[in-house]
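Please look at the sequence and the fold together while you read this report.

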Amino acid sequence: MRRFAAHFPAVVVTGARQTGKTTLLTRLFPAHHYVSLDHPAEAQLAEEDPQTFLLRHPPPLVVDEVQYTPGLFRYLKIEIDAHRSANGQFILTGSQKFSLMKEVSDSLAGRCGVLELEGLSIEELGDTFHDYERREGIASVLVRGFMPQLWKDPGLRPVDYFGSYQATYLERDVRQLLNVSSLRDFDRFMRAAAVRSGHLLNKTELSKEVGISNRTVTEWLSVLQASNQITLLEPHFTNVGKRLVKTPKLYFNDVGLLCFLLGLNERSVNDSYLVDSIWETFLLSELRKYLSVAAPEATVRFYRDQSREVDFVIEKDARTTLAEAKWKELPSRRDFRVLLAVQPLLRAARLPAMVLCRTGQSFPVGKDMLAVNGLRMREHV
């Protein structure tokens with residue numbers, strides 16, 4: 001983040017609510033003045049009289065939740081252009097990605113660096129995570145998720161945190177982004193979407209289950225994307241034929257929120273018929289966090305044709321790795337059958353195929369087959 005601030009006049013940081021944007025930025029940039037547009041008076045001034053707002057809050061400045069004031073961006077552009085050689089003068093945060101990006105692309109193109117802040121990662125938590133996992137078990141990790149407050153306060157129950165989080169999210173962000181006539185319908189929509197985390201997106205199924213139109217499903221999915229609650233994973237395209245599935249897969253970004261929406265706790269996760277999808281959701285989240293730092297140019301997609309599916313196709317350093325998520329401790333050769341069949345099609349035979357599982361230690365299952373502890377997969381990607 002400091003690297004971006006050293007090279008761009010403005011830095012835009014997006015991410016879901018409560019992922020720690022404000023805390024991180026005030027620590028990284030202690031000399032910057034801070035103002036939050038969550039405060040109605042400040043937001044009103046920034047929107048209706050941006051010039052006075054910037055006189056009252058001169059740079060260097062951190063502006064929190066800037067998506068509430070689209071009228072401010074044009075004046076930020078004027079201020080930046082007046083001092084074009086001064087980098088890191090404006091640090092902007094927002095929890096509504098798409099609406100924020102529209103204003104950025106319209107006004108600040110070429111003048112800002114854009115970063116997305118995820119929840120905490122295993123690597124960031126370090127010993128705190130591994131001590132907790134050894135003591136409580138991986139099921140408890142999945143239920144707790146990776147929101148900073150839940151790790152800062154170990155006594156805080158996930159069900160209490162996510163209940164409040166969802167209520168706040170529904171009341172604030174959903175009403176800001178979209179005129180949802182029934183918050184109850186939107187709550188049912190989120191829970192229906194949670195059941196489908198790790199699966200191909202089927203808007204028709206969602207519309208029938210919730211009782212809303214396909215158009216409304218599209219709009220509401222955009223709301224979940226815009227506020228960084230879900231990711232739509234795109235398929236891997238190759239020239240191997242025309243029968244490849246082109247529909248994205250839906251994933252929730254925080255596995256703790258996913259478990260909450262599914263009504264699961266640390267005792268019921270392991271017995272749930274959805275446990276493989278929950279594990280896959282968690283692994284994709286960790287992959288995205290790791291690669292965003294270690295190899296921003298890398299991509300993660302999935303492969304699916306009419307008869308075969310590979311959970312993750314990871315392209316990094318001009319190499320392709322295929323990986324499958326399995327909620328088991330000891331994978332067999334059978335678990336690698338699809339991976340090995342698809343490898344030649346994707347020219348991915350240079351690296352071992354991986355099954356990301358719950359084994360204590362990673363070990364080879366056979367030639368070009370590697371069982372990998374999912375908690376330590378970054379060592380093998």
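Which element gives the most residues to the lining of the second largest cavity? Helix H16 gives the most, with four residues, and the section on cavities below returns to this lining.

## About the model

This is a predicted model, in which local features need pLDDT of at least 70 and side-chain atom pairs count only at pLDDT 80 or more, while totals for chains, interfaces and linings use all residues. Residues are numbered from 1 along each chain as its sequence is written, and side-chain values use heavy atoms, with hydrogens and water left out.

## The five-stranded sheet

Helices (H or I, at least four residues) and strands (E, at least two) are DSSP runs that are numbered from the N terminus, and two strands pair if DSSP finds at least two bridges between them. Five strands form an open sheet in the order S2-S3-S4-S1-S5, and their pairing is parallel. Strand S2 (33–36) and strand S5 (112–116) each have a single partner strand and stand at the edges, so one side of each is left without a neighbour in the sheet. From one strand to the next, the twist averages 15°.

Within this sheet, strand S1 (residues 10–14) pairs with strand S4 (residues 90–94) in the parallel sense over five bridges, and Val 13 has Thr 93 in S4 as its bridge partner. Helix H2 (residues 21–28) lies across S1, S2, strand S3 (61–64) and S4, and runs at about 170° to S4. Helix H5 (residues 72–82) lies across S1 and S4, at about 160° to S4. For these angles, axes are lines fitted to C-alpha atoms, for helices over the stretch in contact (heavy atoms within 4.5 Å), and angles run from 0 to 180 degrees between N-to-C directions.

## Two hairpins

Strand S9 (residues 299–304) and strand S10 (residues 309–316) pair in the antiparallel sense over five bridges, with a hairpin that joins S9 to S10 through four residues. In this pair, Val 300 stands opposite Ile 314 of S10.

Strand S13 (residues 363–366) and strand S14 (residues 369–373) also pair in the antiparallel sense, over three bridges, and Gly 366 stands opposite Met 369 in S14. The hairpin of S13 and S14 has two residues between the strands, and Asp 368 in the turn has a positive phi of about 60°.

Most residues other than glycine have a negative phi, and most peptide bonds are trans. Gln 18, in the loop between S1 and H2, has a positive phi near 70°. Pro 59 and Pro 60 are joined by a cis peptide bond with omega of about 5°, and Pro 60 lies in the loop between helix H4 (50–56) and S3.

The axes of helix H13 (residues 203–210) and helix H14 (residues 214–226) come within 9 Å and cross at roughly 105°. H13 and H14 are therefore roughly perpendicular to each other, a term used for angles of 65 to 115 degrees. The contact is made by Lys 203, Thr 204, Leu 206 and Ser 207 of H13, together with Asn 214, Val 217, Thr 218 and Leu 221 of H14.

## Cavities and a pocket

On a 1 Å grid over the protein atoms alone, a cavity is a set of points where a 1.4 Å probe fits but cannot get out, whereas a pocket is an open set with protein on both sides within 12 Å along at least five of seven lines; lining residues have an atom within 4 Å of a point. Grid points are joined across faces, edges and corners, and a volume is the space filled by probe spheres set on the points. There are two cavities of 30 Å³ or more.

The largest cavity holds about 120 Å³ of space, and of the 15 residues that line this cavity, the closest to its centre are Thr 19, Glu 118, Gly 119, Asn 228 and Asn 253. The second largest cavity has a volume of about 30 Å³, and its lining residues include Thr 231, Tyr 251, Asn 253 and Arg 288. Strand S8 (249–252) and helix H16 (275–294) are the elements that give two or more residues to this lining. As for the second largest pocket, its space is about 370 Å³, and among its 19 lining residues the closest to the centre are Val 143, Pro 158, Val 159, Asn 265 and Glu 266.

Terms used:
Parallel < 35°, antiparallel > 145°, perpendicular 65-115°, else oblique.
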